[in-house]
Number of protein chains: 2
Amino acid sequence: MSETDVIERLGAFSERELWTAKGFCRIERALDVVGTRSAMLVVRELFYGGTRFDELARRTNLSEAVVASRLKQLHADGIVERRPYQEEGQRTRDEYVLTDRGRGLFPIVVALIQWGEGLKDDHRTGVELVHRDCDAPLSAQVRCEKGHEVPLDQAAVRLKDEKYVTALRSRARKPR
Amino acid sequence: MSETDVIERLGAFSERELWTAKGFCRIERALDVVGTRSAMLVVRELFYGGTRFDELARRTNLSEAVVASRLKQLHADGIVERRPYQEEGQRTRDEYVLTDRGRGLFPIVVALIQWGEGLKDDHRTGVELVHRDCDAPLSAQVRCEKGHEVPLDQAAVRLKDEKYVTALRSRARKPR
DNA sequence: CACCTGACTATGTTTTTGCCAAGTCAGGGT
DNA sequence: ACCCTGACTTGGCAAAAACATAGTCAGGTG
């Protein structure tokens, strides 16, 4: 196993003692939104075509209170929108539909399912995700905008605004 | 917005009233392992090259008790391995290194960072992930094994073992 | 042997997440 | 007007996650 089997840190903070993504990396914001088990299960069912409150509750096996709470939060975060619908002879209800922002979670959902499927250390029989047109299995792959498939040892990270971070750190050191 | 902007359900359970991935989809297993905020933050720092206990604690801003507990669990789940190391004049300690299984989380981490970066609704300045060789930004893309880039409306899912599920459901209906 | 200190562990507490049961509310139907 | 019922909301509770503080332990060093 190589020492490069990590994302290389670039820029002024590349040194291990200086590096911090804490407070800068927006994975934390992503985890604010979909970082609970229940939120992710609701999102999964939205991707599997669930739209109605009762079917989201049934499929996730979460309590109605939790499903209602997660949907409210996902709506507030712009992940779903409410759309009125009406079956004949019944009153108008809302269905929940993924927004553009919500559909942006697609690689995350696929990546989690794919990784989980690789474990095979539980009782579950699993699902398979496929490309409908050719029936080939799906996976989430890390690529760059040039189209290269990028293995972990060719990945790098830098803080977007190092000047800002430098200034922050200078201020943080003073009142000690 | 099209009704196909979801993963199409295939197979015997494609009907919305029958569909359930609950108990079959291994996203739940993935969430068992990395489904807490603290686990994901520790995994992030492992990808950013953190290996030592104290630097993982510093970078994640989690309490030492939580970092210790998460590392123990990640070790038990085969995500990291402990490797002894020794700096001169100091005693032997363990460092934590991602295993193959742990590196398999790479698309998940990239997908979460990428999605979070797209939000831009917080104070964070963000990080950028790049392909070191060409400096082009990274993203997690959903592709099939034939190499096609698969948009959401061309994705489909089926339960792997429908016979088993059918049998389960038959048994579950009896004692009502 | 005594001491230092990094890596935990233990305990109690706080916060967050999730559950259950009961309740509210509003849109249709009668 | 009354009733039904789907979609929540509320309150209390339990479990899980995380924190703070103090403690333990063991590998080095002097």
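## Contacts with DNA strand C

In B:Tyr96, a polar side-chain atom lies 2.7 Å from a phosphate oxygen of DNA strand C. This is a predicted model. For A:Arg91, the partner is a sugar or linking oxygen of DNA strand C, 3.5 Å from a polar side-chain atom.

The largest share, four residues, comes from H4(B). By class, this surface has seven nonpolar, seven polar and eight charged residues. Of the atoms of DNA strand C within 4 Å of the protein, 76% belong to sugar or phosphate, and the rest to bases.

## The interface of chains A and B

How many residues does each chain bring to the contact? Chain A brings 105 residues and chain B 104. About 10,500 Å² is buried between the two chains, and carbon and sulfur atoms give 57% of this area.

Across the interface there are 24 salt bridges. One of them joins A:Arg29 and B:Asp121, with the closest N and O atoms 2.7 Å apart. On the side of chain A that touches chain B, helix H6 (residues 106-117) gives the largest share, 11 residues. That side divides into 51 nonpolar, 17 polar and 37 charged residues.

## Strands paired between chains

Strand S4 (residues 127-131) of chain A pairs with strand S6 (residues 155-159) of chain B in the antiparallel sense, over five bridges. A:Val130 stands opposite B:Ala156 in S6(B).

Technical notes
Residues are numbered from 1 along each chain as its sequence is written. Chains are lettered from A and ligands numbered from 1 in the order in which they are written. This is a predicted model: local features need pLDDT of at least 70, side-chain atom pairs count only at pLDDT 80 or more; totals for chains, interfaces and linings use all residues. Side-chain values use heavy atoms; hydrogens and water are left out. Contact means heavy atoms within 4.5 Å. Buried area is the accessible area (1.4 Å probe) that two parts lose on being put together, summed over both. A salt bridge is a side-chain nitrogen of Lys or Arg within 4 Å of a carboxyl oxygen of Asp or Glu. Helices (H or I, at least four residues) and strands (E, at least two) are DSSP runs, numbered from the N terminus. Ala, Val, Leu, Ile, Met, Phe, Trp, Tyr, Cys and Pro count as nonpolar, Asp, Glu, Lys and Arg as charged, and the others, Gly among them, as polar. Two strands pair if DSSP finds at least two bridges between them. A residue is near a molecule or strand if one of its heavy atoms lies within 4 Å of it. A polar contact is a pair of N or O atoms within 3.5 Å; within protein, one must be able to donate a hydrogen and the other to accept it, and residues adjacent in sequence count only if both atoms are side-chain atoms.
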